[in-house]
Amino acid sequence: MTTTVSAAPAPGGGPAPYHVLAVDLGGTKTALATAAPDGTILRRDAIPTLASQGVDQVMRRVVERGRDMTARTVADGHGALRAVAAASPGIVLEDRILLAPNNPGWERLALAATLRESFGTDTVAVETDVKAAALAEARWGALAGSACGIFLNLGTGLSAATVVDGRVLRGAHQAAGEIGSQLLGTADTRSAADGRAPLEEYVSGRAIGDRGSALLGRPVTTTEVFALAERDAEVARFLDDALDTLGVHLANLAIALDPDTIAAGGGLTRAADRILPRLRRIVERSVPFPPRLVPAHFTESAPLTGAVILALDAVAAQATDV
(Lines give C-alpha, C1' and ligand atoms only; values in the text may rest on other atoms or scores of the structure.)
Protein backbone atom coordinates (compact mmCIF):
# COMPACT_ATOMS: atom_id res chain seq x y z
CA MET A 1 0.00 0.00 0.00
CA THR A 2 1.36 3.38 -1.00
CA THR A 3 -0.50 6.66 -1.16
CA THR A 4 0.85 9.94 -2.40
CA VAL A 5 -0.55 13.46 -2.24
CA SER A 6 0.87 16.00 -4.67
CA ALA A 7 2.78 18.98 -3.37
CA ALA A 8 0.86 21.88 -1.89
CA PRO A 9 1.81 25.47 -2.57
CA ALA A 10 3.76 27.27 0.10
CA PRO A 11 1.95 29.92 2.20
CA GLY A 12 1.30 33.05 0.21
CA GLY A 13 1.88 31.20 -3.04
CA GLY A 14 5.68 31.49 -2.92
CA PRO A 15 8.38 28.92 -2.22
CA ALA A 16 9.25 27.97 1.35
CA PRO A 17 12.78 28.96 2.48
CA TYR A 18 13.29 25.44 3.83
CA HIS A 19 11.31 22.33 4.64
CA VAL A 20 11.26 19.61 7.31
CA LEU A 21 10.55 15.89 7.11
CA ALA A 22 8.22 14.16 9.59
CA VAL A 23 7.77 10.42 10.05
CA ASP A 24 5.15 8.47 12.02
CA LEU A 25 6.35 4.88 12.47
CA GLY A 26 2.99 3.24 12.99
CA GLY A 27 2.48 -0.42 13.80
CA THR A 28 0.73 -1.08 10.49
CA LYS A 29 1.39 2.00 8.37
CA THR A 30 4.27 4.47 8.34
CA ALA A 31 3.26 7.99 7.31
CA LEU A 32 5.68 10.63 6.05
CA ALA A 33 5.28 14.31 5.24
CA THR A 34 7.37 17.28 4.26
CA ALA A 35 6.24 20.61 5.65
CA ALA A 36 6.91 24.33 5.24
CA PRO A 37 8.07 26.52 8.17
CA ASP A 38 4.47 27.33 9.15
CA GLY A 39 3.44 23.66 9.20
CA THR A 40 1.78 23.59 5.79
CA ILE A 41 2.08 20.05 4.43
CA LEU A 42 3.95 20.07 1.12
CA ARG A 43 4.02 16.36 0.38
CA ARG A 44 2.46 13.39 2.16
CA ASP A 45 3.04 9.68 1.66
CA ALA A 46 2.49 6.34 3.38
CA ILE A 47 4.02 2.88 3.19
CA PRO A 48 3.26 -0.36 5.02
CA THR A 49 5.47 -0.73 8.08
CA LEU A 50 5.85 -4.53 7.82
CA ALA A 51 7.21 -4.49 11.36
CA SER A 52 7.26 -8.29 11.61
CA GLN A 53 10.00 -8.38 8.95
CA GLY A 54 12.43 -6.59 11.26
CA VAL A 55 13.67 -3.12 12.01
CA ASP A 56 16.38 -3.04 9.35
CA GLN A 57 13.99 -3.30 6.42
CA VAL A 58 11.59 -0.85 8.07
CA MET A 59 14.23 1.86 8.37
CA ARG A 60 15.71 1.12 4.93
CA ARG A 61 12.35 1.71 3.26
CA VAL A 62 11.58 4.75 5.43
CA VAL A 63 14.89 6.34 4.50
CA GLU A 64 14.41 5.59 0.81
CA ARG A 65 10.93 7.10 0.77
CA GLY A 66 11.98 10.06 2.91
CA ARG A 67 14.92 10.89 0.65
CA ASP A 68 12.67 10.70 -2.39
CA MET A 69 10.12 13.03 -0.77
CA THR A 70 12.72 15.58 0.27
CA ALA A 71 14.24 15.54 -3.22
CA ARG A 72 10.83 16.13 -4.77
CA THR A 73 10.09 18.90 -2.28
CA VAL A 74 13.35 20.64 -3.18
CA ALA A 75 12.52 20.21 -6.88
CA ASP A 76 9.19 21.91 -6.19
CA GLY A 77 11.17 24.97 -5.09
CA HIS A 78 10.56 24.72 -1.35
CA GLY A 79 14.12 25.00 -0.08
CA ALA A 80 16.53 22.52 1.48
CA LEU A 81 15.79 19.98 4.19
CA ARG A 82 16.50 21.55 7.60
CA ALA A 83 15.28 18.96 10.12
CA VAL A 84 13.86 15.47 10.51
CA ALA A 85 11.57 14.24 13.29
CA ALA A 86 10.02 10.84 13.92
CA ALA A 87 7.34 9.48 16.24
CA SER A 88 7.44 5.81 17.21
CA PRO A 89 5.62 3.31 19.41
CA GLY A 90 7.39 2.55 22.68
CA ILE A 91 9.68 4.61 24.89
CA VAL A 92 12.17 6.29 22.57
CA LEU A 93 15.62 6.55 24.13
CA GLU A 94 18.88 7.67 22.52
CA ASP A 95 20.17 4.17 21.82
CA ARG A 96 17.04 1.99 21.84
CA ILE A 97 13.27 1.88 21.98
CA LEU A 98 11.59 0.10 24.90
CA LEU A 99 8.06 -1.27 25.34
CA ALA A 100 7.42 -1.87 21.64
CA PRO A 101 6.78 -5.64 21.65
CA ASN A 102 5.04 -5.64 18.27
CA ASN A 103 8.09 -4.19 16.52
CA PRO A 104 10.93 -6.74 16.42
CA GLY A 105 14.35 -5.14 16.70
CA TRP A 106 13.11 -1.84 18.10
CA GLU A 107 15.06 -2.55 21.30
CA ARG A 108 18.30 -1.97 19.36
CA LEU A 109 17.12 0.93 17.17
CA ALA A 110 19.03 4.16 17.82
CA LEU A 111 16.39 6.17 15.98
CA ALA A 112 17.86 9.67 16.30
CA ALA A 113 21.34 8.55 15.22
CA THR A 114 19.88 6.64 12.27
CA LEU A 115 18.02 9.73 11.09
CA ARG A 116 21.09 11.96 11.48
CA GLU A 117 23.24 9.62 9.44
CA SER A 118 20.61 8.84 6.81
CA PHE A 119 19.55 12.42 6.08
CA GLY A 120 22.80 14.27 6.74
CA THR A 121 21.44 16.65 9.36
CA ASP A 122 22.13 17.14 13.06
CA THR A 123 18.72 18.76 13.54
CA VAL A 124 16.75 15.71 14.56
CA ALA A 125 13.95 15.07 17.07
CA VAL A 126 12.34 11.79 18.15
CA GLU A 127 9.40 11.09 20.43
CA THR A 128 6.93 8.45 21.55
CA ASP A 129 3.94 8.47 19.18
CA VAL A 130 1.34 9.27 21.84
CA LYS A 131 3.40 12.15 23.23
CA ALA A 132 3.82 13.48 19.68
CA ALA A 133 0.06 13.25 19.24
CA ALA A 134 -0.44 15.13 22.51
CA LEU A 135 1.90 17.86 21.28
CA ALA A 136 -0.20 18.19 18.12
CA GLU A 137 -3.37 18.55 20.18
CA ALA A 138 -1.69 21.05 22.51
CA ARG A 139 -0.32 23.24 19.72
CA TRP A 140 -3.03 23.08 17.07
CA GLY A 141 -5.86 20.91 18.42
CA ALA A 142 -8.28 20.20 21.23
CA LEU A 143 -5.78 20.95 24.02
CA ALA A 144 -4.66 24.33 22.66
CA GLY A 145 -4.71 26.88 25.48
CA SER A 146 -5.19 24.21 28.14
CA ALA A 147 -3.42 24.86 31.45
CA CYS A 148 -3.37 21.12 32.09
CA GLY A 149 -4.74 18.63 29.59
CA ILE A 150 -4.65 14.91 28.93
CA PHE A 151 -4.51 13.21 25.56
CA LEU A 152 -6.05 9.74 25.88
CA ASN A 153 -5.01 7.34 23.15
CA LEU A 154 -7.59 4.63 22.57
CA GLY A 155 -6.05 2.53 19.84
CA THR A 156 -4.64 -0.94 19.44
CA GLY A 157 -2.93 -0.17 22.74
CA LEU A 158 -3.82 2.16 25.58
CA SER A 159 -1.86 5.14 26.87
CA ALA A 160 -2.12 8.80 27.79
CA ALA A 161 0.00 11.93 27.73
CA THR A 162 -0.27 14.98 29.94
CA VAL A 163 0.26 18.52 28.67
CA VAL A 164 1.02 21.35 31.13
CA ASP A 165 1.09 24.89 29.74
CA GLY A 166 1.73 23.53 26.25
CA ARG A 167 4.56 21.20 27.25
CA VAL A 168 4.23 17.42 27.21
CA LEU A 169 5.15 15.72 30.49
CA ARG A 170 7.73 13.03 29.69
CA GLY A 171 8.67 11.66 33.12
CA ALA A 172 12.02 10.56 34.57
CA HIS A 173 12.24 7.62 32.15
CA GLN A 174 10.22 9.14 29.27
CA ALA A 175 7.38 6.82 30.33
CA ALA A 176 4.83 9.23 31.84
CA GLY A 177 1.32 8.26 30.84
CA GLU A 178 1.86 4.55 30.18
CA ILE A 179 -1.47 3.82 31.86
CA GLY A 180 -1.80 0.46 30.13
CA SER A 181 0.53 -0.87 32.84
CA GLN A 182 -1.82 0.14 35.66
CA LEU A 183 -3.09 -2.68 37.85
CA LEU A 184 -6.76 -3.64 37.75
CA GLY A 185 -6.86 -4.22 41.52
CA THR A 186 -5.08 -5.62 44.55
CA ALA A 187 -5.59 -9.21 43.38
CA ASP A 188 -3.87 -8.59 40.06
CA THR A 189 -0.65 -10.62 39.96
CA ARG A 190 0.29 -9.59 36.41
CA SER A 191 2.50 -6.52 36.21
CA ALA A 192 5.20 -4.73 34.26
CA ALA A 193 7.82 -6.89 35.99
CA ASP A 194 6.32 -9.85 34.12
CA GLY A 195 6.18 -7.99 30.83
CA ARG A 196 2.44 -7.48 31.21
CA ALA A 197 0.18 -4.44 30.85
CA PRO A 198 -2.92 -5.30 32.92
CA LEU A 199 -5.20 -2.42 31.99
CA GLU A 200 -4.22 -2.52 28.32
CA GLU A 201 -4.88 -6.26 28.27
CA TYR A 202 -8.37 -5.58 29.65
CA VAL A 203 -9.50 -2.58 27.63
CA SER A 204 -7.81 -1.51 24.39
CA GLY A 205 -8.45 -2.13 20.75
CA ARG A 206 -6.58 -5.43 20.80
CA ALA A 207 -7.98 -6.49 24.18
CA ILE A 208 -11.61 -5.94 23.25
CA GLY A 209 -11.19 -8.03 20.10
CA ASP A 210 -9.30 -10.80 21.92
CA ARG A 211 -11.59 -10.93 24.94
CA GLY A 212 -14.68 -10.63 22.75
CA SER A 213 -13.48 -13.61 20.71
CA ALA A 214 -13.03 -15.64 23.91
CA LEU A 215 -16.51 -14.66 25.10
CA LEU A 216 -18.18 -15.64 21.83
CA GLY A 217 -16.06 -18.71 21.14
CA ARG A 218 -15.12 -17.50 17.67
CA PRO A 219 -12.77 -14.91 16.22
CA VAL A 220 -14.25 -11.41 16.06
CA THR A 221 -12.70 -8.02 15.48
CA THR A 222 -13.06 -5.08 17.82
CA THR A 223 -15.31 -3.40 15.26
CA GLU A 224 -17.55 -6.47 15.29
CA VAL A 225 -17.72 -6.42 19.09
CA PHE A 226 -19.03 -2.84 19.03
CA ALA A 227 -21.57 -3.75 16.35
CA LEU A 228 -22.74 -6.86 18.21
CA ALA A 229 -23.17 -4.84 21.41
CA GLU A 230 -26.05 -3.00 19.73
CA ARG A 231 -28.14 -6.18 19.59
CA ASP A 232 -26.58 -8.73 21.96
CA ALA A 233 -27.11 -8.06 25.68
CA GLU A 234 -24.21 -10.27 26.78
CA VAL A 235 -21.76 -8.51 24.48
CA ALA A 236 -23.14 -5.14 25.58
CA ARG A 237 -22.50 -6.02 29.24
CA PHE A 238 -18.97 -7.17 28.40
CA LEU A 239 -18.20 -3.98 26.50
CA ASP A 240 -19.75 -1.67 29.08
CA ASP A 241 -17.76 -3.36 31.86
CA ALA A 242 -14.53 -2.77 29.91
CA LEU A 243 -15.41 0.88 29.29
CA ASP A 244 -16.46 1.41 32.91
CA THR A 245 -13.12 0.01 34.07
CA LEU A 246 -11.35 2.45 31.77
CA GLY A 247 -13.59 5.23 33.09
CA VAL A 248 -12.52 4.53 36.68
CA HIS A 249 -8.84 4.69 35.72
CA LEU A 250 -9.41 7.86 33.72
CA ALA A 251 -11.23 9.44 36.68
CA ASN A 252 -8.36 8.54 39.00
CA LEU A 253 -5.90 10.08 36.54
CA ALA A 254 -8.00 13.24 36.41
CA ILE A 255 -8.17 13.41 40.22
CA ALA A 256 -4.38 13.17 40.40
CA LEU A 257 -3.62 15.74 37.68
CA ASP A 258 -6.63 18.13 37.80
CA PRO A 259 -6.82 18.69 34.01
CA ASP A 260 -9.24 21.14 32.45
CA THR A 261 -9.62 19.03 29.29
CA ILE A 262 -9.25 15.40 28.25
CA ALA A 263 -9.03 14.81 24.49
CA ALA A 264 -9.70 11.23 23.37
CA GLY A 265 -8.13 10.05 20.13
CA GLY A 266 -7.02 6.87 18.42
CA GLY A 267 -8.78 4.26 16.32
CA LEU A 268 -11.32 3.24 18.97
CA THR A 269 -12.84 6.71 18.95
CA ARG A 270 -14.56 5.76 15.70
CA ALA A 271 -17.06 4.39 18.23
CA ALA A 272 -17.03 7.66 20.20
CA ASP A 273 -20.84 7.73 20.45
CA ARG A 274 -20.69 4.70 22.75
CA ILE A 275 -17.34 5.29 24.43
CA LEU A 276 -17.27 8.98 25.34
CA PRO A 277 -20.68 9.26 27.07
CA ARG A 278 -19.84 6.29 29.28
CA LEU A 279 -16.42 7.66 30.21
CA ARG A 280 -17.85 11.15 30.69
CA ARG A 281 -20.51 9.88 33.11
CA ILE A 282 -17.90 8.33 35.41
CA VAL A 283 -15.50 11.29 35.21
CA GLU A 284 -18.23 13.84 35.91
CA ARG A 285 -19.51 11.85 38.86
CA SER A 286 -16.13 11.08 40.42
CA VAL A 287 -13.73 13.98 39.86
CA PRO A 288 -14.01 16.97 42.25
CA PHE A 289 -13.44 19.42 39.38
CA PRO A 290 -14.51 17.45 36.29
CA PRO A 291 -12.62 18.24 33.09
CA ARG A 292 -14.18 18.52 29.68
CA LEU A 293 -13.98 15.20 27.83
CA VAL A 294 -13.90 15.87 24.10
CA PRO A 295 -12.88 14.11 20.89
CA ALA A 296 -9.34 14.88 19.77
CA HIS A 297 -9.04 17.32 16.89
CA PHE A 298 -6.71 15.07 14.93
CA THR A 299 -7.64 11.51 14.05
CA GLU A 300 -5.23 9.37 12.06
CA SER A 301 -2.68 12.17 11.59
CA ALA A 302 -1.96 13.20 15.19
CA PRO A 303 1.50 11.58 15.63
CA LEU A 304 2.59 12.76 12.17
CA THR A 305 1.41 16.30 12.92
CA GLY A 306 3.28 16.13 16.22
CA ALA A 307 6.42 15.06 14.36
CA VAL A 308 6.07 18.10 12.08
CA ILE A 309 5.92 20.33 15.16
CA LEU A 310 8.93 18.58 16.70
CA ALA A 311 10.96 19.18 13.54
CA LEU A 312 9.98 22.84 13.36
CA ASP A 313 10.73 23.32 17.07
CA ALA A 314 14.16 21.73 16.53
CA VAL A 315 14.90 24.28 13.80
CA ALA A 316 13.77 27.11 16.08
CA ALA A 317 15.89 25.81 18.95
CA GLN A 318 18.93 25.62 16.69
CA ALA A 319 18.40 29.23 15.60
CA THR A 320 18.15 30.31 19.24
CA ASP A 321 21.35 28.49 20.13
CA VAL A 322 23.18 30.26 17.33
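**View 1. The crossing of helices α1 and α2 is right-handed.** A crossing counts as right-handed if the near helix is turned clockwise from the far one by less than a right angle, and as left-handed if anticlockwise. The model shown here is predicted; its local features need pLDDT of at least 70, side-chain atom pairs count only at pLDDT 80 or more, and totals for chains, interfaces and linings use all residues. Residues are numbered from 1 along each chain as its sequence is written, and side-chain values use heavy atoms, with hydrogens and water left out. Helix α1 covers residues 55–75 and helix α2 residues 111–119; they pack at an angle of about 40 degrees, with their axes 11 Å apart. The pair is therefore oblique, a class left for angles that are not under 35 degrees (roughly parallel), over 145 (roughly antiparallel) or 65 to 115 (roughly perpendicular). Axes are lines fitted to C-alpha atoms, for helices over the stretch in contact, and angles run from 0 to 180 degrees between N-to-C directions. Helices (H or I, at least four residues) and strands (E, at least two) are DSSP runs, numbered from the N terminus. On the α1 side the contact (heavy atoms within 4.5 Å) is made by M59, V63, G66 and R67, and on the α2 side by L111, T114, L115, S118 and F119. These residues comprise five nonpolar, three polar and one charged. Ala, Val, Leu, Ile, Met, Phe, Trp, Tyr, Cys and Pro count as nonpolar, Asp, Glu, Lys and Arg as charged, and the others, Gly among them, as polar.

**View 2. Helices α5 and α7 also cross in a right-handed manner.** Helix α5 (residues 205–216) packs with helix α7 (residues 233–257) at an angle of about 145 degrees, and their axes are 11 Å apart. From α5, the residues I208, R211, G212, L215 and L216 meet E234, V235, F238, L239, D241 and A242 of α7. Seven nonpolar, one polar and three charged residues form this contact.

**View 3. E127 belongs to strand β8, residues 124–128.** With a relative accessible area of 8%, E127 is buried; the term means under 20%, exposed means over 50%, and partly exposed lies in between (1.4 Å probe, protein chains only). The side chains of E127 and R170 are joined by a polar contact of 3.2 Å. Such a contact is a pair of N or O atoms within 3.5 Å; within protein, one must be able to donate a hydrogen and the other to accept it, and residues adjacent in sequence count only if both atoms are side-chain atoms. Not counting residues up to four places away in sequence, E127 touches A86, A87, S88, V92, A132, R170 and L310.

**View 4. I97 lies in strand β7.** The relative accessibility of I97 is 1%, and the residue counts as buried. I97 and T128 are 31 residues apart along the chain, and their C-alpha atoms are separated by 9.1 Å. Apart from neighbours within four places in sequence, the contacts of I97 include W106, E107, L109 and L111.

**View 5. L99 is located in the loop between β7 (97–98) and α2.** L99 has a phi near 60 degrees, a positive value in a residue other than glycine. L99 is exposed, at 59% relative accessibility.

**View 6. P291 is placed in the loop between α8 (272–286) and β13 (292–295).** P291 is buried, at a relative accessible area of 6%. P291 and D260 are 31 residues apart in sequence, but 4.5 Å apart in space, C-alpha to C-alpha.
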